[in-house]
Amino acid sequence: MAILEVKNLRKAFGAVQAVEEISFSVESGEVFTIIGPNGAGKTTTLEMIEGMQTPDGGSISINGMKWDKEADRIKTIIGVQPQSSALFDLLTVEENLDLFASFYPRSKHPSEVLEMINLTDHRRKNVKSLSGGQRQRLAIGLAMISDPQIIFLDEPTTGLDPQARRNIWDIVLKLKELGKTTILTTHYMEEAEKLSDRVCIVDQGKVVTLDTPANLIDSLTKEREVRLHFQDGEAAALETEQVAKNDATVVRTELEGSSLKLWSVRPEETLYGVFGFTKERGYRVEQVSIREMSLEDVFIAFTGKEWRD
Ligand SMILES: Nc1ncnc2c1ncn2[C@@H]1O[C@H](COP(=O)(O)OP(=O)(O)OP(=O)(O)O)[C@@H](O)[C@H]1O
């Protein structure tokens with residue numbers, strides 16, 4: 001069942017069309033990730049769904065409810081961690097959670113949230129003494145305190161080191177186990193690929209593609225890059241390139257010194273052929289790799305833009 005439905009969403013700031021045409025629906029229990037270049041309209045889209053910006057056009061339905069009619073009820077089922085969170089620096093972690101819990105008629109017990117965000121041992125620390133990753137985990141905890149069904153996380157891992165990022169991934173996975181729906185934006189492809197049930201790529205205020213990470217990767221060309229490095233130098237690589245060029249599975253080749261790159265539609269078959277030849281000649285190949293396509297390749301293919309990490 002779709003818990004969130006967004007149709008033909010539009011928003012301009014003066015002459016800037018931040019969101020031009022965004023439509024998607026999110027199923028209950030999904031981790032749904034929006035990625036896109038800087039200024040693509042991700043935050044504006046999230047803020048409209050969260051009720052913080054009014055769309056110029058289009059519709060938003062959250063569990064069948066609309067902002068103009070049932071704002072109070074919508075607020076009880078969503079939790080928001082904005083890109084820059086306002087935490088009370090002079091209060092402790094636990095006091096921040098207690099305070100936010102007091103805003104809601106029903107909330108989770110702060111100790112339960114502390115466990116989920118792995119801050120139980122730090123609960124008596126002042127927020128100002130927390131690390132960046134701990135602050136971000138607390139911000140997510142505050143979004144979770146009302147036990148919402150849908151949680152919005154806007155770039156929760158930006159600027160964090162790899163370990164702190166992984167700690168946040170653990171929280172997203174725990175939320176999924178609890179059957180919550182998570183709407184995420186991120187600048188890290190690895191994160192989108194690892195956590196998301198579906199990924200929506202937006203560019204210039206429009207959805208350019210939307211599917212599971214695996215389907216998006218499969219939708220790319222079937223060519224894979226095969227790399228070989230020859231111990232016997234350039235001549236061996238050159239000779240092998242000539243043979244590979246006549247192989248029907250090889251689409252194109254590139255030679256760089258003793259390294260040979262082959263783009264193949266059936267890498268395994270290509271390698272059988274190549275190794276048949278190198279064995280016959282007694283050439284030694286010291287490194288072989290097949291580069292798999294990633295979400296980053298999908299991003300580049302659909303937006304024509306390089307990804308920045
Ligand atoms: N309040 C505002 N006033 C004027 N322009 C705005 C405002 N908010 C966003 N914009 C513009 O709208 C466009 C989309 O911005 P938005 O923040 O939604 O993009 P984003 O995809 O979230 O970018 P980033 O990845 O950098 O966070 C940008 O050109 C931005 O400068």
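Reply: One definition to begin with: two residues are in contact if their C-beta atoms, placed from the backbone, lie within 7 Å. Helices (H or I, at least four residues) and strands (E, at least two) are DSSP runs, numbered from the N terminus. This is a predicted model, where local features need pLDDT of at least 70 and side-chain atom pairs count only at pLDDT 80 or more, while totals for chains, interfaces and linings use all residues. Residues are numbered from 1 along each chain as its sequence is written.

Me: OK, which residues of α5 and α6 meet?

Reply: From α5 you have G132, G133, Q136, R137 and I140, and they meet A164, N167, I168 and I171 of α6. By class that contact has 4 nonpolar, 4 polar and 1 charged. Here Ala, Val, Leu, Ile, Met, Phe, Trp, Tyr, Cys and Pro count as nonpolar, Asp, Glu, Lys and Arg as charged, and the others, Gly among them, as polar.

Me: And at what angle do α5 and α6 pack?

Reply: About 15°, with the axes of α5 (residues 132-144) and α6 (residues 162-177) 9 Å apart. Axes are lines fitted to C-alpha atoms, for helices over the stretch in contact, and angles run from 0 to 180 degrees between N-to-C directions. So α5 and α6 are roughly parallel to each other. Angles under 35 degrees count as roughly parallel, over 145 as roughly antiparallel, 65 to 115 as roughly perpendicular and the rest as oblique.

Me: What about α3 and α5, how do their axes cross?

Reply: At roughly 25°, coming within 9 Å, with α3 covering residues 93-102. That is why α3 and α5 also count as roughly parallel to each other. V93, N96, L97 and F100 of α3 meet L138, G141 and L142 of α5, a contact with 5 nonpolar, 2 polar and no charged residues.

Me: Now α9 and α10. At what angle do those cross?

Reply: Roughly 135°, with the axes of α9 (residues 234-245) and α10 (residues 267-281) coming within 10 Å. That makes α9 oblique to α10. The contact involves T240, V243 and A244 of α9 plus T270, V274, F277 and T278 of α10. It divides into 4 nonpolar, 3 polar and no charged residues.

Me: Switching topic: which residues surround the ligand?

Reply: F13, V16, A18, G36, N38, G39, A40, G41, K42, T43 and T44. The shell has 4 nonpolar, 6 polar and 1 charged.

Me: Which element gives the largest share of that shell?

Reply: α1, with 3 residues. Both β2 (16-27) and α1 (42-49) supply at least two.

Me: Last one: how many helices and strands are in the chain?

Reply: 11 helices and 13 strands. The radius of gyration is 25 Å, well over the 19 Å from the globule rule for 309 residues, so the chain is more spread out than a compact globule. That radius is taken over C-alpha atoms, and the rule is 2.2 Å times the number of residues to the power 0.38. Along the principal axes, the C-alpha atoms fill a box of roughly 80 × 45 × 35 Å.

Methods. A residue is near a molecule or strand if its C-beta atom, placed from the backbone, lies within 6 Å of it.
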